Amino acid sequence: MADIKGILFDKDGTLVDFNATWLGVADFMAMDAAEGDRWKADRLLAAAGFDFVSKRFKPDSIFASGSNMDVVELWFPRLSNEDQMQAVSRFNEITSVQGSAMAVALPGIIDSLRTLHKRSYRMGVATNDSTSGAEKTLATLGVAQLFDAAFGYDAVASPKPAPDTVLAFCDLTGLKPGEIAMVGDNRHDLEMARAGGCGLAIGVLSGTGTRDSLSPMADVVLDSVADLPAFLSARVSEPAG
C-alpha cells in the first residue's frame with residue numbers, strides 16, 4: 001500500500017458546509033447577474049443546479065463543482081472575451097469576500113485537521129473557487145497555518161478534474177502523486193485524483209455528492225473528513241498482504 005504523506009482537500013462540501021455557506025452567496029450572484037430580476041435569478045440558479053424543492057444544489061452540478069468561469073459561461077454564453085473576464089472578476093470578488101466571510105466549517109473538521117497536522121501530513125486545498133477565496137476561507141476558519149498551500153482554479157493551467165493541482169502540490173512538497181490522498185465530495189475531485197495518480201481517492205458524504213455518485217471513482221467513501229484520522233490510522237496499522 002502507498003505510504004500517504006500528503007492530503008489534498010476539496011473545500012466546499014468537504015471542509016466547509018456547502019449549503020450553509022453558499023446558498024446566500026449563490027443567490028446574491030444570481031440576483032447580481034439578473035440585475036435584480038427575481039424570476040430571472042431563479043432561472044439562473046436552476047440552470048446552475050439548484051433544486052428549489054430540496055433547497056440544495058444537485059451533485060456534480062455547475063455550482064457544486066464548477067468554477068466561476070463555468071458559471072459565467074453558463075449564464076452569459078454570448079459575452080465577448082473581455083466582458084467574460086470582467087464577469088469572472090466580478091464573481092471572484094463576490095465569492096472571495098462573501099464566500100470566505102460566511103464560511104461555516106463542517107462538524108469535527110477543525111479538530112481533524114489539527115490532528116492530521118500533528119501527524120506531519122502535508123496538507124493543501126484543491127478547489128474550483130478562486131485561490132484568494134480559498135486562502136481567505138482558511139483564515140476565516142482559523143486553520144490557514146495548517147496548510148502548505150491553497151490552489152484555486154486560477155492557480156493552475158487547468159483546474160479539476162485535470163491533474164494540474166496534484167502536480168503543483170507535488171512540486172511544492174516534493175511528494176510523489178502516489179503519496180497523496182485526495183479528499184472530496186464530488187466526482188471532479190475523484191477524477192482529478194485518478195488523473196493525477198494519487199495514492200488514495202477518498203469521497204466524503206458531507207457535501208453534494210452521494211454514495212452512488214462517488215463510489216465508482218473512490219477507493220473509500222467516508223461520512224466526513226472527521227472520520228479521516230481514524231481511517232488513515234487503521235490503514236497504516238493493517239498488515240500487508
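The model is predicted: local features need pLDDT of at least 70, side-chain atom pairs count only at pLDDT 80 or more, and totals for chains, interfaces and linings use all residues. Residues are numbered from 1 along each chain as its sequence is written, and side-chain values use heavy atoms, with hydrogens and water left out.

Start with the fold. The protein chain holds 11 helices and eight strands. Both are DSSP runs numbered from the N terminus: helices are H or I with at least four residues, strands are E with at least two. The C-alpha trace spans about 60 × 35 × 35 Å along its principal axes.

Next, the contacts. A contact means heavy atoms within 4.5 Å. Among contacts between residues at least 6 apart in sequence, 64% join residues at least 24 apart.

Now the surface. Of the 241 residues, 52% are buried. Buried means under 20% relative accessible area, exposed means over 50%, and partly exposed lies in between (1.4 Å probe, protein chains only). The accessible surface comes to about 10,400 Å², and carbon and sulfur atoms account for 52% of that area. These areas come from the Shrake-Rupley method with a 1.4 Å probe; for residues, only the protein chains shown count as cover.

Charge comes next. The chain carries 21 positive and 32 negative side chains. Lys and Arg count as positive, Asp and Glu as negative; His and the chain ends are not counted. The centres of the two sets lie 3 Å apart, with each charge placed at NZ of Lys, CZ of Arg, CG of Asp or CD of Glu.

What of the cysteines? A disulfide is a covalent bond between the sulfur atoms of two cysteines. Here the rule is a pair of cysteine sulfur atoms within 2.5 Å. The count comes to zero. The cysteine sulfur closest to that of Cys170 is in Cys198, 7.2 Å away, so the gap is too far for a bond. Cys170 is buried at 9% relative accessibility. Cys198 is also buried, at 10%.

Finish at Arg211, in helix H10 (residues 211–214). Arg211 is partly exposed, at 42% relative accessibility. Beyond its neighbours within four places in sequence, Arg211 contacts Leu205, Pro216, Val221 and Asp223. Asp223 sits 12 residues from Arg211 along the chain, and their C-alpha atoms are separated by 9.4 Å.
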